[in-house]
Amino acid sequence: MDSTADRYGRFARVEARGSSTVYEQWTEGISTDPEVLELIDRLPEHKRQPNLVLAAARSCGTGVGPYPQFRSFLKERWDEIRSVILRRSTQTNEPGRCAVLLPLLARIARTEGHPLALIEVGASAGLCLYPDHYGYRYDGGAVINDPGLADLVLDCVTTGNPPLPQACPEIIHRAGVDLSPLDPADPGDVDWLDALIWPGMEDRRVRLRAAAEAAAGSPARIVQGDLKAEIAGLIDAAPAEAAVVVFHTAVLAYVPKADREVFGDTVSAYLGVPGRPVHWLSNEGPGVMPGPEATEAGTEPGLFLLRHNGRAVARTGPHGQSLDWL
Ligand SMILES: C[S@@+](CC[C@H](N)C(=O)[O-])C[C@H]1O[C@@H](n2cnc3c(N)ncnc32)[C@H](O)[C@@H]1O
């Protein structure tokens, strides 16, 4: 297993570089700072992730400054930061991901001839359960499903000629499962989601606040539990007149491999059953999904692979900013 120093160094070079200068500098600094590494190494192994540690420090009020300033804050306030790390987890909820799901959602509703029942696995605060709350501007064109609020318009650049929709399909049911559901109406939960957004990504912060406010009035039912235990019950409870779409984005990387396989087998058993349309959309890192590798899709670092019923259909930007149809 990688040392914590390696992990933070790699995060700086591979994940933060080009996306957040502040996070690049902080994680580069941590990777060569024995005192801070020792603090992090005293955390349980699954709590040492850069995203979690940095978000916890930010939720405790660290300013966005140079590494020596951040380091002083971290050391002075470590007890408080540590308690946030132990209580919270990485639950980044990015409504922008709806932009890469929408073409498939619209196509499923059209081909099945039914409204949709959405079931989101690893839903966090459920902000991806409301594709109908958002407007969509593909390749700078006209806004589809205009919500009348610029903060809720999702921009997405496409290649490969995806089947772009004219409108958002009708959604008559939304439900989800999460180990620890967040409440879009709870200011503490929304502040935590805000802290998880990297410095320098202010447009995402504005969008998060607007999406949480829109969802707060009618939060979807998100059961607390493990995806593999809850998914069958959620599918069975969906209304009979709907086409069911089970989906997950940026979730399975957090799930042990054996559990991913149980989950995949459970969902697969519902696919193709006559009289009960169920579809499965997976938007995850390329190596994360069980099943045969989609070699034709390649494994470009930093991109997700979107699959429909196990078949790779697109490479997607991790925040829904791009859709490369295969
Ligand atoms: C990075 S967030 C992604 C949230 C949302 N899908 C999105 O794309 O905005 C991953 C979510 O998966 C949840 N999660 C992780 N493992 C899970 C499991 N075994 N069962 C249910 N939820 C899980 C986490 O609690 C977290 O809220």
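**Helix packing and the ligand shell**

Analyst: In this predicted model, helix H1 passes helix H2 in a left-handed crossing. H1 covers residues 4–16 and H2 covers residues 21–31, and the two pack with their axes 7 Å apart, at an angle of about 160°. Because angles over 145 degrees count as roughly antiparallel, H1 is roughly antiparallel to H2.

A second pair of helices is formed by H4, residues 50–59, and H8, residues 187–195, whose axes lie 8 Å apart and meet at an angle of about 125°. H4 and H8 are therefore oblique to each other, since that term takes in the angles left over once the roughly parallel, roughly perpendicular and roughly antiparallel ranges are set aside. The handedness of this crossing of H4 and H8 is right-handed, whereas the crossing of H1 and H2 is left-handed.

Turning to the ligand, 20 residues are found around it, and of these Asn93, Glu94, Arg97, Asp178 and Thr249 come nearest. By residue class, the shell around the ligand divides into seven nonpolar, eight polar and five charged residues.

On the backbone side, a N or O atom of Thr92 lies 3.4 Å from an oxygen atom of the ligand, while a polar backbone atom of Gly122 is 2.9 Å from a ligand nitrogen atom. On the side-chain side, a polar atom of Asp226 also lies 2.9 Å from a nitrogen atom of the ligand.

How values were computed
Residues numbered from 1 in each chain as written. Predicted model: local features only at pLDDT ≥ 70, side-chain atom pairs only at ≥ 80, totals over all residues. Heavy atoms only, no water. Near = heavy atom within 4 Å. Polar contact = N/O pair within 3.5 Å; in protein donor to acceptor, adjacent residues only side chain to side chain. Nonpolar A, V, L, I, M, F, W, Y, C, P; charged D, E, K, R; others polar. Axes fitted to C-alpha atoms, helices over the stretch in contact; angles between N-to-C directions. Helix = DSSP H or I, 4+ residues; strand = E, 2+ residues; numbered from the N terminus. Parallel < 35°, antiparallel > 145°, perpendicular 65-115°, else oblique. Left-handed = near helix turned anticlockwise from the far one by under 90°.
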